[in-house]
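Subject: Structure handover

Hello,

Here is the structure for you to take over. My notes follow below it.

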There are 2 protein chains.
Amino acid sequence: MSKPYVIGIDMGGTNTVFGIVDARGVVIASSSIKTQKHNNIDDYIDELYVEITRLMEANDAVGKVHGIGIGAPNANYYTGIIEDGVNLPWPTPVPLAKLVSEKFGIPVAITNDANAAAIGEMTYGAARGLKDFIMITLGTGVGSGIVINGQLVYGHDGFAGELGHVIMKRNNGRLCGCGRTGCLEAYCSATGVARTAREFLEARTDESLLRNMPIEDITSKDVYDAAIQGDKLAKDIFEFTGNMLGEALADFTVFSSPKAFVLFGGLAKSGDVLLKPLRQSLEKNMMTIFKGKVDVLVSELKEADAAVLGASALGWEAK
Amino acid sequence: MSKPYVIGIDMGGTNTVFGIVDARGVVIASSSIKTQKHNNIDDYIDELYVEITRLMEANDAVGKVHGIGIGAPNANYYTGIIEDGVNLPWPTPVPLAKLVSEKFGIPVAITNDANAAAIGEMTYGAARGLKDFIMITLGTGVGSGIVINGQLVYGHDGFAGELGHVIMKRNNGRLCGCGRTGCLEAYCSATGVARTAREFLEARTDESLLRNMPIEDITSKDVYDAAIQGDKLAKDIFEFTGNMLGEALADFTVFSSPKAFVLFGGLAKSGDVLLKPLRQSLEKNMMTIFKGKVDVLVSELKEADAAVLGASALGWEAK
């Protein structure tokens, strides 16, 4: 193969991580720059070009890159545009694919970060061989990438798969970052878990390790650490979270009847404290014809490489 | 074309309607038999064979049929089996595709009735030219057929698209035919509308034309007739129904980002009394990035032909 490599770029609001990846999904080399350093997209792309070129030169990859794949918030696969990137330091919309491909002279494909994760998982991870699965990313928000019959679902406008924004609580639901109330993301993201902690601590009077820290500073990691130590209130928070996730996944099942859900992101690494109530709730809430048929898997991608790998897999289809 | 026709069969619990259809979607001839007359699948297929053969002979179609498409409750596209047909007069599962193709010597494809309707709508109806849409059938139950990128979604096991069974009310929801509670179908089907009528009549004291009939006999048609005459309570029932449908369709939108929803079935013909609150609710509950992008259409297929046309379209892909 004359062009045996792809480049994967994971653009986050804080950092941009990138790597050179071969066809077997090995990250040959990787590095990063600060997204936040630039309040101008052209400066950002200039630095990206300098750093990626340096990486290619150091690894004998110049002229050997088939395509560049980018995972970025609100990135549209069809248009190549970041349409409304609220966490980025420059004005949107930005024609990212065009700007990057012109700068590098290499074909570029972009998609949102959850879709990139789904493609990575299908190509290199827990979803290898699965034609029908749904990736659920449990991070600051709740994202998703839906794969049906081996194809990522983009929808008519490129924005399909916003499963963090189905409504789980129709009355008195929590305010979500999307402006509506009651979304799954407002409960089952890392920030959702922290919000649940504050609610439980205020509504209850029982002792908890979580009462030893300032309530506004509690993170989902703190709740996890307390739960692992056997803290009842912390375990109840994960029970609440897993229970709602199970209800949501049961609803998603009637849509596309996936063979598996693949969980990804910080919260997905909580182990049984989350997965046990989640799986119980999923089976309990499942429509009869789907009971016992749907697996809940955790991403197998190495944490540090996952986002870059996912984005890079998209580079193979860039043209 | 040596085989210019397909046969479409719409198998319902009461009647089985079938027709010979040409490539432009014209129903050349059609007829029906009573499904309920037979408590044995072999007798049923024998009568179907006799009657369809008679129809083919009368229309010079013998030897000219490319394939047979069948829409039937709980029919599985992948396996060719009716897996759990609760409303059919013989025991299930039944290997329907195999039995019919052996009897006729013609390739057979089967799917459930809502999927057949979606294929018909895409081939001949309101969804022509649409690659991403969701068919919602509002009949005795609520069914759905999901089309993504021009392909019907079957899921890993053939049972995808059971959107009548997403949970709309998580606490104290109505009992659904599927055994769970709070499903969309329990509220927004024709029977759901009748149940809402009974609830409203019992909970309220205002006058209504619906109070002139025995409460247990009220059908969705009665509610519609009263609403059209300006009856406030009947209009509120449709407002309640349209509002919940709008909430549901807004949730479905974040999944596959369809260009349109196509409504089909008796309730779908209710006009503005249903569509106005539905469209208002859909836009009100829509995630911002999808607002104003998604159409709500009503099936264009001629009522008498719709189910047969939908099934027949599947006959072109039978092999």
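Two residues are taken to be in contact if their C-beta atoms, placed from the backbone, lie within 7 Å. Please also keep in mind that this is a predicted model.

On that basis, A:Pro107 is in contact with A:Gly67, A:Ser101, A:Ala318 and A:Lys319, leaving aside its neighbours within four places in sequence. A:Pro107 sits in the loop that runs between helix 2 (96–104) and strand 5 (108–111) of chain A. It has 17 C-beta neighbours inside 10 Å and so counts as partly exposed. A:Gly315 is 208 residues away from A:Pro107 in sequence, yet the two C-alpha atoms are 7.9 Å apart.

The two chains

Superposing chain B on chain A takes a rotation of 180° with 0.0 Å of shift along the axis, and the RMSD is 0.0 Å. That is the relation of a two-fold axis. The same surface serves both copies, in that 97% of the contact residues of chain B recur in chain A.

The contact between the chains draws 33 residues from chain B and 32 residues from chain A. On the side of chain B that touches chain A, helix 7 (residues 232–256) of chain B gives the most, with 5 residues. By class, that side of chain B has 14 nonpolar, 9 polar and 10 charged residues.

Domains of chain A

Between them, 11 residues of domain 1 of chain A are in contact with 13 residues of domain 2 of chain A. Helix 3 (residues 113–124) of chain A supplies the largest share of the domain 1 side, 6 residues. The residues of that side divide into 7 nonpolar, 3 polar and 1 charged.

Strand 6 of chain A

Strand 6 (residues 133–138) of chain A has 6 of its 6 residues buried, so the strand is largely enclosed by the rest of the structure. In a regular strand, side chains alternate between the two faces of the sheet. Here A:Phe133, A:Met135 and A:Thr137 point one way, A:Ile134, A:Ile136 and A:Leu138 point the other way, and all are buried.

Which strands pair with strand 6 of chain A, and in what direction do they run? Strand 7 (residues 142–148) of chain A runs antiparallel to strand 6 and is joined to it by 6 bridges. A hairpin of 3 residues links these two strands. Strand 9 (residues 260–264) of chain A runs parallel to strand 6, with 5 bridges between them.

In chain B, 5 strands form an open sheet in the order 8-7-6-9-10, with mixed pairing. Strand 8 (151–152) and strand 10 (295–298) of chain B stand at the edges with a single partner strand each, so one side of each is left without a neighbour in the sheet. Strand 8 of chain B is joined to strand 7 (residues 142–148) of chain B by 2 bridges, and the two run antiparallel. In this pair, B:Val147 stands opposite B:Leu152.

Backbone points to check

Most residues other than glycine have a negative phi, and most peptide bonds are trans. The items below depart from that.

- The peptide bond from A:Thr92 to A:Pro93 is cis, with omega near 0°. A:Pro93 is in the loop between strand 4 (65–71) and helix 2 of chain A.
- In chain B, the bond from B:Thr92 to B:Pro93 is likewise cis, with omega near 0°. B:Pro93 is in the loop between strand 4 (65–71) and helix 2 (96–104) of chain B.
- B:Asp60 has a positive phi, near 50°. It is in the loop between helix 1 (41–58) and strand 4 of chain B, and with 11 C-beta neighbours inside 10 Å it counts as exposed.
- B:Asn149 has a positive phi of about 55°. It lies in the loop between strand 7 and strand 8 of chain B and is partly exposed, with 17 other C-beta atoms within 10 Å.

Regards

Notes:
Residues numbered from 1 in each chain as written. Chains lettered and ligands numbered in written order. Predicted model: local features only at pLDDT ≥ 70, side-chain atom pairs only at ≥ 80, totals over all residues. Least-squares fit on C-alpha atoms with pLDDT ≥ 70 in both. Helix = DSSP H or I, 4+ residues; strand = E, 2+ residues; numbered from the N terminus. Nonpolar A, V, L, I, M, F, W, Y, C, P; charged D, E, K, R; others polar. Buried ≥ 20, exposed ≤ 12 C-beta atoms within 10 Å, placed from the backbone. Pairing = 2+ DSSP bridges.
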